[in-house]
Amino acid sequence: MQIRKDLLLKYNQAGPRYTSYPPANYFHTNIGNAEYQQAIVQSNSELPQNISLYVHIPFCPRLCHFCGCTTSGSRDQDLFRRYIDAVKKEIEQVAGLIDKNRKVSQVHWGGGTPNSIPMEMVQEVMDLFRANFTFEAHPEIAMECSPAYLELEDIDRLASFGFNRLSLGIQDFDANVLKIVNREPSKYPVEELVARMKQNGFDSVNLDLIYGLPGQTVDSFRKSIEKAIEISPDRLVTFSYAHVPWVKSAQKVLEKTGIPNASEKLALMEMAYDLLTENGYVPIGMDHYAKPEDELTKALVNKKLHRNFQGYCTRETTGQVYGFGSSAITQLENGYYQNTKVIETYIESVNNSGLALERGYQLTENEKIIRTVIEEVMCNLFLDFEAVAQTYKTDVETIKQVVGYDAAKLTPFIEDSLLEIQGNQLRIHDDGSLVVRNIAMTFDPQLSVKENTYSKTI
């Protein structure tokens, strides 16, 4: 595919990433523990019936300047102990509200740096999950790891705990770039880590890279992509660096070094896209790539790709998400429920009540429809209004009215050959996938793009 830079620059505007609908900036504090517990009970009778469990570890031995995650620079073992004890208490509280006939199909550990805490604590949580929930025969159990703190023996132990997927946060193989952004390089050669994972029978190995960081050039980032291809992960992600210093003040440090402008950032993305697709990787959504035999690729082909706060997944593995830990988001059919981001407040709240809810959002029926439409656009590059209408037992015109459908909004994309409309179906072309956030925005009747709200779409 020939990437048309003029079009990408044309559509490079601020907009939501749509990891949820409505986006997280709509969450509010007018929801308490009582409403949260009621929502959990209600989720037992809603779809999907599968359970996804998320654990947030808000600790990093060193804080990267680019980071937009909720995390804290800490190596305090006592704090780790008190935090994990609180997580375990929260798990028991929530598990008591969930139907025991439902099965866990997905477990995801994110952060922060989940592998920065002792492996014994990881095992404690996994043992508690298995004691309180019923697991499918082969669930997806994944962790995001920083290779700077990953021992070879850690991989063996994670495998023994049931983990079968790891994502290595490489970000860039260039030592100079890592130094600028204050990130430690991998402790062991990455190919050695990946080999150890495969020896342990992991189903999938992911490598995460970021483009748009200070110090990156097309030539330097090409070397990183080539290195990643040589290692041959099952999946590879090229995240676009989201510069939001009004949210994460630490990012202001990078402005002194010089952040690639829109044109330079586009050149990085274009090079990575071309190199990865030329070497057999299939683009998934906005920023993921997978091998042709990967389940994400198969799901995309069958238009059954899904997405939640943990990333892209298949309809078979995804479930309603129950989040544990500070800042963790529970993502149910009926709404979103987020814990407090302050670690000490989280620990105190859980110790007092078993929960630590800070804010959330409960969806209306119309918002559920909008969420489905935007998800289909974002994940599968395809929208069938009739199929959505059947799902919600209504008619096409009602669906179009709910999402504020206006064909004129799509005219620029059609004229630029980025998508086509046939009857009640919309198909996004390959090059249209690069501006899919912009396309999704046309189906969001609540969208109001204010200054310093969202990052740019490219």
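This is a predicted model: local features need pLDDT of at least 70, side-chain atom pairs count only at pLDDT 80 or more; totals for chains, interfaces and linings use all residues.

Reader: Why is Lys368 called buried?

Author: Buried means under 20% relative accessible area, exposed means over 50%, and partly exposed lies in between (1.4 Å probe, protein chains only). Lys368 has a relative accessible area of 7%, so the residue counts as buried.

Reader: Where is Lys368 found, and which residues does Lys368 touch?

Author: Lys368 is found in helix H13, residues 365-380; helices (H or I, at least four residues) and strands (E, at least two) are DSSP runs, numbered from the N terminus. With contact meaning heavy atoms within 4.5 Å, Lys368 touches Glu46, Glu333, Asn334, Leu363 and Tyr392, residues up to four places away in sequence not being counted.

Reader: What makes Glu184 and Arg75 a salt bridge?

Author: The term requires a side-chain nitrogen of Lys or Arg within 4 Å of a carboxyl oxygen of Asp or Glu. The closest N and O atoms of Glu184 and Arg75 are 3.9 Å apart, and the pair forms a salt bridge. This pair links distant parts of the chain, 109 residues apart: Glu184 lies in the loop between helix H6 (175-180) and helix H7 (190-199), and Arg75 in the loop between strand E3 (72-73) and helix H3 (77-95). A search of the whole structure finds 19 salt bridges.

Reader: How do you know whether Glu184 and Arg75 are buried, partly exposed or exposed?

Author: Glu184 has a relative accessible area of 23% and is therefore partly exposed. Arg75, at 55%, counts as exposed.

Reader: Why are Arg222 and Asp219 said to be separated by about one helical turn?

Author: They are so described because they stand three residues apart in helix H8 (residues 218-231). Arg222 is partly exposed at 30%, whereas Asp219, at 52%, counts as exposed.

Reader: How many disulfides are counted, and by what rule?

Author: A disulfide is a pair of cysteine sulfur atoms within 2.5 Å, and by this rule the count comes to zero.

Reader: What makes Cys60 and Cys64 buried?

Author: Cys60 has 8% relative accessibility, so this residue counts as buried. Cys64, with a relative accessible area of 11%, is buried as well.

Methods. Residues are numbered from 1 along each chain as its sequence is written. Side-chain values use heavy atoms; hydrogens and water are left out.
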